[in-house]
Each structure stands twice: as C-alpha cells, then as structure tokens.
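This briefing sets out the fold of a single chain, topic by topic. It is intended to be read alongside the sequence and the coordinates.

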Amino acid sequence: MAIKHNLNQQKRRAQRIHARIIATAGRPKLLLTRSNKAIYLQVIDHHGKIIAASSEHSLVKATGKKLSGSKTNKAQLVGADLGKKLQQAKIKSVSVDRGACKYHGRLKAAVEAVKQTGVEI
C-alpha cells in the first residue's frame, strides 16, 4: 500500500504545480520531465501547442553520436539545445513547470543551461 499512497501524493503534487504555472501569450510554459535514464524539455504555449522540445533521444538522433558524461552533463546539453531552439523561435521568457520533481540536480542543470542562452526564467 505504501507504493500506491506515494503515487497518489506524487500525482497531487504534480497537479498542484501544474495549476499554479499558467502559460500566457507572452510567457509560455517550460515543462520538465525526467525518467531514470533521460530528461525531456518542452515549451508549451497557452493553447497547449508545443513550440519547442528537446531531449537526450532527439540529440542522439540529430548528432548520430551517443552522449557521454553524467546525467547532469546530458541535462545541460539538452537545456542548451532547447535554449537555441527558443532563440530561433524568438521566445524571450518562459515559466518553469517542474511537475512533481524537486528543483535540483538534473532539472536545475537543464534550466540553468536554458538561462545561459539568454532566455529569462
């Protein structure tokens, strides 16, 4: 039962965060998702359309090479890639939606990499 209770807590926490972060016309939502193996970043506008997205898998497909380094280093590469895509789409600022995850480690590294490209968070 402990696992079921923990999943319910996680879902409630994610819903609470999602409800607080509202995408507007001038400030889309940066949705962070991570699994044990990869990290996924999506920028969603106020209509729910995906403006830009980046993940470890998309970087591997684009470069044709396997990413090396720690998971945090890979998250930084994904964040930098998303930052470049946001600059091409002329998006200056985003709101961060972390879901049920804490803002540390890989998520923080990815967001900091997006910030370094000039996107305001």
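**Briefing on the fold**

Strands E2 and E3 form a hairpin with 5 residues between them, and Gly 48 in the turn has a positive phi of about 90 degrees. The model is a predicted one. The chain contains 4 helices and 4 strands, which run α-β-β-β-α-α-β-α from the N terminus on.

**The sheet**

- The 4 strands form an open sheet with mixed pairing, in the order E3-E2-E1-E4.
- Strand E3 (50-55) and strand E4 (95-97) each have a single partner strand and stand at the edges, so one side of each is left without a neighbour in the sheet.
- From one strand to the next, the twist averages 20 degrees.
- Strand E1 (residues 29-34) pairs with E4 in the parallel sense, over 3 bridges; Leu 31 has Asp 97 in E4 as its bridge partner.
- In a regular strand, side chains alternate between the two faces of the sheet.

**Helix H2 and Leu 59**

- Helix H2 (residues 56-63) lies across strand E2 (39-44) and E3, and runs at about 80 degrees to E3.
- Leu 59 has its place in helix H2.
- Is Leu 59 buried or exposed? With a relative accessibility of 12%, Leu 59 counts as buried, because the cut-off for buried is under 20%.
- Apart from its neighbours within four places in sequence, Leu 59 is in contact with Gly 64, Leu 67, Leu 77, Val 78 and Asp 81.

**Helix H3**

- Helix H3 (residues 71-88) has 18 residues and should therefore span 26 Å at 1.5 Å a residue; its end C-alpha atoms are 26 Å apart, in agreement with that value.
- The buried residues in H3 are Lys 74, Ala 75, Val 78, Gly 79, Asp 81, Leu 82, Gly 83 and Leu 86.
- Their cover includes strands E1, E2 and E3 together with helix H2 and helix H4 (106-116).
- Lys 90, which follows H3, has a positive phi near 60 degrees.

**Helix H4**

- In H4, the buried residues are Arg 106, Leu 107, Ala 109, Ala 110, Val 111, Ala 113 and Val 114.
- The cover over these residues includes E1, E2, H3 and E4.
- Gly 118 follows H4 and has a positive phi near 105 degrees.

**The chain as a whole**

- A compact globule of 121 residues would have a radius of gyration near 14 Å; the chain has 15 Å, which agrees.
- The C-alpha trace spans about 45 × 35 × 20 Å along its principal axes.
- Of the 121 residues, 38% count as buried.
- The accessible surface comes to about 7800 Å², and 53% of it belongs to carbon and sulfur atoms.
- Among contacts between residues at least 6 apart in sequence, 58% join residues at least 24 apart.

Definitions and conventions: Residues numbered from 1 in each chain as written. Predicted model: local features only at pLDDT ≥ 70, side-chain atom pairs only at ≥ 80, totals over all residues. Heavy atoms only, no water. Pairing = 2+ DSSP bridges. Helix = DSSP H or I, 4+ residues; strand = E, 2+ residues; numbered from the N terminus. Axes fitted to C-alpha atoms, helices over the stretch in contact; angles between N-to-C directions. Contact = heavy atoms within 4.5 Å. Expected span 1.5 Å × (residues − 1). Buried < 20%, exposed > 50% of the residue type's maximum accessible area, 1.4 Å probe, protein only. Rg over C-alpha atoms; globule rule 2.2 N^0.38 Å. Areas by Shrake-Rupley, 256 points an atom, 1.4 Å probe, with all protein chains shown as cover.
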